[in-house]
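User: Please walk me through this model. I want packing, sheets and charged pairs, with the cut-offs spelled out.

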Amino acid sequence: MQWHQAADVEVCLQVDEEGQSKILCRKDGKPLKSVPSRLGKDKDIIQLKEAHKNLKEQYRRTKKMMEESMESGDSFYVSELLALLGNPVVRAILHSLVFLQEQQNGQYGWIKKEGESLYLKILDGTNVLLDPQERLLIAHPYHLYQSGTWHTYQKYLFTHKIRQPFKQVFRELYVKIPEELGQKASRMFAGNQIQPKMTVGCLKGRRWVADYEEGLQKVYYKENIVARIYALADWFSPADVEAPTLEFVEFFHRKTFQALTIQEVPELIYSEVMRDVDLAVSVAHAGGVDPETSHSTIEMRRAIATCNLELFGFQNVTLKDSHALIHGSRADYNVHLGSGVVHQEGGAMLHILPVHSQQRGRIFLPFVDEDPKTAEIMSKIILLAEDQKIKDPSILEQIR
C-alpha cells in the first residue's frame, strides 16, 4: 500500500472508497496510465499484481457474503464489525449499507468507527454508541418497508450520492397478498413459459439447484425450509416440443417434507424467492408474447405509450428506459414496459390483475397483432395516472 521502487518506476496498491483495488504507477513524480509491459517479469511487479488479484477476489467474495447475510437475516456482533472495518476492502462495502439493531424497536443507520468504538449514525445526524456484545443486521427492504422509512432512505441515497455494492435500499420487494396466505403454493407467476436450461443458468448464481427428482429448488438450512419451482420441465435438457409453463412455487420443511402455507414462510425468504422467480421469468421467457422478441418490443411500447399519453393529456407520466414513471396523487409508481410488473416507489410490488377481454378496443394499438401484454401495460399506466379514481379495495389496500 506504500510507494516503492521497481526498476525505474514507483508503484503502489490503492483501495478506493468503493473497495476497488488498483495499481498506481509513476515515473519521476508523473503518473503513468499503467505499469510498463517491459516490467512484466519483475519480481516486485508480479507480487503486486498477485496482491491486486487477491483484493479483487476478496471484494467479490465479501460483497456476495454480505448480500446473502441480508437475504437470510444473519446478524453480526459489534465486536465482529469492528474487526472487519480494519480491512479497507470490507470497510468500503460496510460503510454504504444500512444496519438495524437486532433488539425490538431497534434503530436504523450507518455504522461509523471512532477509535475502538462503533456508532450507529441515524438519519437525523445523531450517533448512537453501540455495545460490543450487541448484534446488528444488514437491513432488508422489508424491514424498511415495515418501519415506513424505505422511501426516506431511498431519497437520502440519491441526495448524498451514496453507491451501494449491491441492491439493498433499492432492492425489489415482494410481499404476501391476503389471497395466498392460507394456500400451500404461490401462483403469482403461473402461466409464464420459460426455457429450462436458461432458467437453471440464471438461477445457479442465486443458490438454486436442479435436482432430477425434485426439480429446481433452493434450501434454507437455518430455517429448515426448501423452496421449489414447479413446472412440467426437464431441467437438464431442452424441451423437445414446447417450452414448459411455470405452475407454482411451493415451500416445505426440509426434515419432515411437510408442505408449508404461504403464511408460515418468513417474509424475507418469500420476497427473495419471488424475486428469483421474477428474474427467471424476465430472462428465460419463452412465450409467444415475450417482451423482448415479439413485434411489440419495449421500444414500440414506449412509442405507443407516448402517443397514448398525449391523447389522454397526462402530464404526470414520464417514460425512462424500460419503465413508465408515474407521479400519482396517492403515491409514485413505475410500470415495466416489458413485463408489466408494477412497483410502488418506496413500496412493494402491486398485484393488479388484468382482464384482457375488457381492454380490447378501449386502448388504441397501432399494429395488427393484438398483443394483450401491451394493452395490459397501457391500461395499468392509465389506471395509476388517475389513481384518485381507483375504487378497487384490493389495490387500495396494497398502496401504502
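User: Which residues does L94 touch, not counting residues up to four places away in sequence?

Analyst: First, the ground rules. This is a predicted model, where local features need pLDDT of at least 70, side-chain atom pairs count only at pLDDT 80 or more, and totals for chains, interfaces and linings use all residues. Residues are numbered from 1 along each chain as its sequence is written, and side-chain values use heavy atoms, with hydrogens and water left out. With contact taken as heavy atoms within 4.5 Å, L94 touches M66, L81, L84, L85, F99 and I111.

User: Which elements do the buried residues of α6 pack against?

Analyst: Helices (H or I, at least four residues) and strands (E, at least two) are DSSP runs, numbered from the N terminus. In α6 (residues 196–204), the buried residues are P196, T199, V200 and L203. They lie on the same side of α6, because they cover an arc of only 100° around the axis, taken from the directions from the helix axis to the C-beta atoms. They pack against β12 (209–211), β13 (215–220), β14 (225–231) and α7 (267–283).

User: What angle does the direction of α1 make with that of β2?

Analyst: Strands β1-β2-β3-β4 form, in that order, an open sheet with antiparallel pairing; two strands pair if DSSP finds at least two bridges between them. The edge strands are β1 (4–6) and β4 (30–32). Axes are lines fitted to C-alpha atoms, for helices over the stretch in contact, and angles run from 0 to 180 degrees between N-to-C directions. α1 packs on this sheet, touching β1, β2 and β3, and its direction makes with that of β2 an angle of about 10°.

User: Which residue in β8 stands opposite K113?

Analyst: The open sheet of 6 strands runs β5-β10-β6-β7-β8-β9, with antiparallel pairing. Within it, β7 (residues 108–114) and β8 (residues 117–121) pair over 5 bridges. Opposite K113 stands L118.

User: Is E71 buried or exposed?

Analyst: E71 forms a salt bridge with R207, the closest N and O atoms being 3.2 Å apart. The term means a side-chain nitrogen of Lys or Arg within 4 Å of a carboxyl oxygen of Asp or Glu. The pair links distant parts of the chain, 136 residues apart: E71 in helix α1, R207 in the loop between α6 and β12. R207 is partly exposed at 34%, whereas E71, at 3% relative accessibility, is buried.

User: What is the relative accessible area of D276?

Analyst: The side chains of K218 and D276 meet in a salt bridge (3.0 Å, N to O). K218 sits in strand β13 and D276 in helix α7, 58 residues apart. K218 is buried, with a relative accessible area of 1%. D276 is buried too, and its relative accessible area is 1%.

Note on methods. Buried < 20%, exposed > 50% of the residue type's maximum accessible area, 1.4 Å probe, protein only.
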